[in-house]
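Please open the model in a viewer and keep the selection tool at hand.

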Amino acid sequence: MSSGSMASLSSPSHTRLTSIVSHLSDVRPKVVICRHLGPAMPLLLDRKDIDIVLWPEDRGCERAWLLENIKGAAGVLVLLPERVNEELLDAAGPSLRVVSTMSVGYEHIDLPLMAKRKIRVGYTPDVLTEAVADITLMLALMAGRNDGVAYSLVKNGGWAKPNFGWSPFTFCGPQLSTTASSPARTVGFLGFGRIAQATLARLVPFGITHCIYTSSPTSRPDVARDAALQTKYNLKVLERVDADRLARESDVLFVLTPGGKETYHIVDATFLRKMKPMSVLVNTSRGSVVDSDALATALREKWIWGAGLDVVEGEPAITTDHPLVKEPQCVMVPHIGSATFQTRLDMATRAIDNLIGGLFGGEMPAEL
Ligand SMILES: O=CC(=O)O
């Protein structure tokens with residue numbers, strides 16, 4: 001590990017060790033790690049063949065620190081907030097050969113530029129699919145069942161107030177599972193990749209038999225996959241539809257499409273206007289897909305019933321005066337979709353494996 005990267009490493013024993021291996025340090029590739037990776041750190045620290053520079057604090061890595069420390073690095077391990085652009089690559093210089101992001105999303109990385117400079121890029125798909133599908137379902141339940149308002153009431157002592165009595169329709173909301181009187185609830189997916197399909201798997205035990213989805217217009221219909229899913233989950237309907245039908249027919253709409261220019265504000269006022277008044281919208285992919293102001297209006301004016309959000313446009317700068325934070329029918333959590341111990345460890349491990357593979361010209365488990 002490079003001097004200055006952690007205070008504890010200036011101990012005498014470390015200094016001796018450094019001098020013993022100093023002849024190697026010229027050839028050991030330097031890698032910059034933008035966040036302490038907790039229990040996955042030994043996978044890096046135990047290696048004698050790399051020179052690690054680790055952001056030393058328990059908070060987001062400062063840009064100025066990164067620009068300074070990336071000079072001459074062969075690899076960098078980043079997270080979503082780190083923009084990997086021309087500025088960063090120029091600061092690194094020609095030595096940089098791999099960028100590994102501990103995320104499934106990669107909007108923060110300028111991929112065409114990476115290709116131009118022949119820098120390999122790794123990311124962490126698959127390992128977070130189940131955790132994000134879990135929280136997607138959680139938000140659908142919370143938003144439908146008025147969790148924002150109900151939880152605040154308890155936290156603020158409202159449950160014990162004399163004027164709060166249990167009454168037949170207080171706190172009612174639309175039910176996610178099917179009932180004898182409402183046997184055909186339609187779930188809709190804006191984007192139908194791995195996380196959407198894992199979410200659908202969780203919805204089947206809720207009695208869901210009707211599923212519609214939209215995919216990128218440039219992608220070809222996957223008839224064989226859809227037939228297999230339909231059989232596996234005993235679905236009456238599994239259909240690829242256009243955005244208009246998706247908006248009009250979904251009882252619960254799951255936004256699970258990557259961010260970026262192609263999907264920017266697909267869910268806008270026009271889209272939301274078409275949705276059912278009792279529908280719920282859940283976004284666990286990227287904030288940029290949903291126009292926040294339009295969604296706040298849709299909730300306020302009751303175009304839809306509720307929203308469950310793990311991501312919001314402009315995050316993390318979401319303050320209490322944000323129009324969506326102020327909406328009682330909006331349940332919001334701060335981008336924690338993959339935040340389980342198991343998944344974050346798997347993501348960190350995969351990010352490290354990608355980094356090491358790219359550094360030494362080997363295989364990267366998930367390369368873009
Ligand atoms: O949003 C989370 C990720 O891209 O991993």
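Buried area is the accessible area, taken with a 1.4 Å probe, that two parts lose on being put together, summed over both. The model on display is predicted.

Begin by colouring the two domains separately: residues 12-126 together with 343-359 form domain 1, and residues 129-332 form domain 2. Their centres, taken over C-alpha atoms, are 36 Å apart. Seven residues from domain 1 and seven residues from domain 2 make up the contact.

Next, display the surface between the domains. Domain 1 and domain 2 bury about 510 Å² between them, and 40% of this area is on carbon and sulfur atoms. Then select E107, D126 and T343 in domain 1: these residues lose the most area to domain 2 and together supply 72% of what that side buries.

Two salt bridges are found across the interface of domain 1 and domain 2, as are three residue pairs in polar contact. On the side of domain 1 that touches domain 2, three residues are nonpolar, two polar and two charged.

Now move to the ligand and select the residues around it: L80, S103, V104, G105, L128, R286, H335 and M347. By class, this shell has four nonpolar, three polar and one charged residues.

H335 instead places a polar side-chain atom 2.6 Å from an oxygen atom of the ligand. The protein buries 89% of the 190 Å² that the ligand exposes when taken alone.

Definitions and conventions: Residues are numbered from 1 along each chain as its sequence is written. This is a predicted model: local features need pLDDT of at least 70, side-chain atom pairs count only at pLDDT 80 or more; totals for chains, interfaces and linings use all residues. Side-chain values use heavy atoms; hydrogens and water are left out. Domain bounds come from an automatic or database domain assignment. Contact means heavy atoms within 4.5 Å. A salt bridge is a side-chain nitrogen of Lys or Arg within 4 Å of a carboxyl oxygen of Asp or Glu. A polar contact is a pair of N or O atoms within 3.5 Å; within protein, one must be able to donate a hydrogen and the other to accept it, and residues adjacent in sequence count only if both atoms are side-chain atoms. Ala, Val, Leu, Ile, Met, Phe, Trp, Tyr, Cys and Pro count as nonpolar, Asp, Glu, Lys and Arg as charged, and the others, Gly among them, as polar. A residue is near a molecule or strand if one of its heavy atoms lies within 4 Å of it. Accessible areas come from the Shrake-Rupley method with a 1.4 Å probe; for residues, only the protein chains shown count as cover.
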